[in-house]
Amino acid sequence: MDSQPTSKALHYRINTNISQLLQRFENIMATATVESTSHTSTAVETYQLDVESTALVRAAEDILSLTRTMKEAWLFGKLNTLGEDESDVKRREELERDADAIQKAIEEGGLLKPAK
């Protein structure tokens, strides 16, 4: 797990997988509704159904792989699930400045003077 995918890459992969699932399912339904009595066309339709169902399974497996990758990233702290907007960044920076000021004051002995 050396490199973690970016959120943009994850969104692209999700969208690609969803479109693949939908497209393959539509192709299966379109092939299944064709009414033909010819042995040749039946053989072609059977082959198409096999190809489309294999691709459908592959897309579903890729989604499962994606969810596993996202779970691992979340568990190991490399997935930012909440995100930070501009106000969160400002708030965090102010808290860090306040913490630094308090630490500096404590180290200089200005706040906690020993009782006499």
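Trainee: Is Glu94 buried, partly exposed or exposed?
Mentor: Remember first that this is a predicted model. Buried means under 20% relative accessible area, and exposed means over 50%. Glu94 has a relative accessible area of 42%, so Glu94 is partly exposed.

Trainee: Which helix holds Glu94?
Mentor: Look at residues 86–108. Glu94 is found in that stretch, which is helix 3.

Trainee: Which residues gather with Glu94 in a patch of negative charge?
Mentor: Asp and Glu count as negative. The patch lies on the surface. Besides Glu94, its members are Glu93, Asp98 and Asp100.

Trainee: What pattern does the protein chain follow along the sequence?
Mentor: Start with the secondary structure. The protein chain has three helices and zero strands. Read along the sequence, the pattern is α-α-α.

Trainee: How many salt bridges does a search of the whole structure find?
Mentor: The cut-off is a side-chain nitrogen of Lys or Arg within 4 Å of a carboxyl oxygen of Asp or Glu. With the whole structure searched, the number of salt bridges is four.

Trainee: How many residues apart are Arg13 and Asp62?
Mentor: These two form a salt bridge, with the closest N and O atoms 3.0 Å apart. Arg13 is in helix 1 (residues 7–32), and Asp62 is in helix 2 (residues 39–75). The pair links distant parts of the chain.

Trainee: Are Arg13 and Asp62 buried, partly exposed or exposed?
Mentor: Arg13 has 24% relative accessibility. Asp62 has a relative accessible area of 27%. So Arg13 counts as partly exposed, and Asp62 is also partly exposed.

Trainee: Which residue forms a salt bridge with Glu52?
Mentor: Begin with the contacts of Glu52. Not counting residues up to four places away in sequence, Glu52 touches Arg24, Asn27 and Ile28. The salt bridge has its closest N and O atoms 3.2 Å apart, and the partner is Arg24.

Trainee: Why does this pair tie together separate parts of the sequence?
Mentor: Check the helices. Glu52 lies in helix 2 and Arg24 in helix 1, so the pair ties together parts whose separation in sequence is 28 residues.

Trainee: Is Glu52 buried or exposed?
Mentor: Buried means under 20% relative accessible area. Glu52 has a relative accessible area of 12%, so Glu52 is buried.

Trainee: What separates Glu96 and Arg92 along helix 3?
Mentor: Their side chains meet in a salt bridge (3.5 Å, N to O). Glu96 is partly exposed at 42%, and Arg92 is partly exposed at 35%. The two are four residues apart in helix 3, so their separation is about one helical turn.

Trainee: What percentage of the residues of the protein chain count as buried?
Mentor: Take the whole chain now. The protein chain exposes about 9,800 Å², and carbon and sulfur atoms supply 58% of that area. Of the 116 residues, the buried share is 9%.

Trainee: What percentage of the contacts join residues at least 24 apart?
Mentor: Contact means heavy atoms within 4.5 Å. Take the contacts in the protein chain between residues at least 6 apart in sequence. Among these, the share joining residues at least 24 apart is 71%.

How values were computed: Residues are numbered from 1 along each chain as its sequence is written. This is a predicted model: local features need pLDDT of at least 70, side-chain atom pairs count only at pLDDT 80 or more; totals for chains, interfaces and linings use all residues. Side-chain values use heavy atoms; hydrogens and water are left out. Patches are made of residues with over 30% relative accessible area and no salt bridge: like charges are joined within 9 Å, nonpolar side chains (Val, Leu, Ile, Met, Phe, Trp, Tyr) within 5 Å. Accessible areas come from the Shrake-Rupley method with a 1.4 Å probe; for residues, only the protein chains shown count as cover. The place of a charge is taken as NZ of Lys, CZ of Arg, CG of Asp or CD of Glu. Buried means under 20% relative accessible area, exposed over 50%, partly exposed in between (1.4 Å probe, protein chains only).
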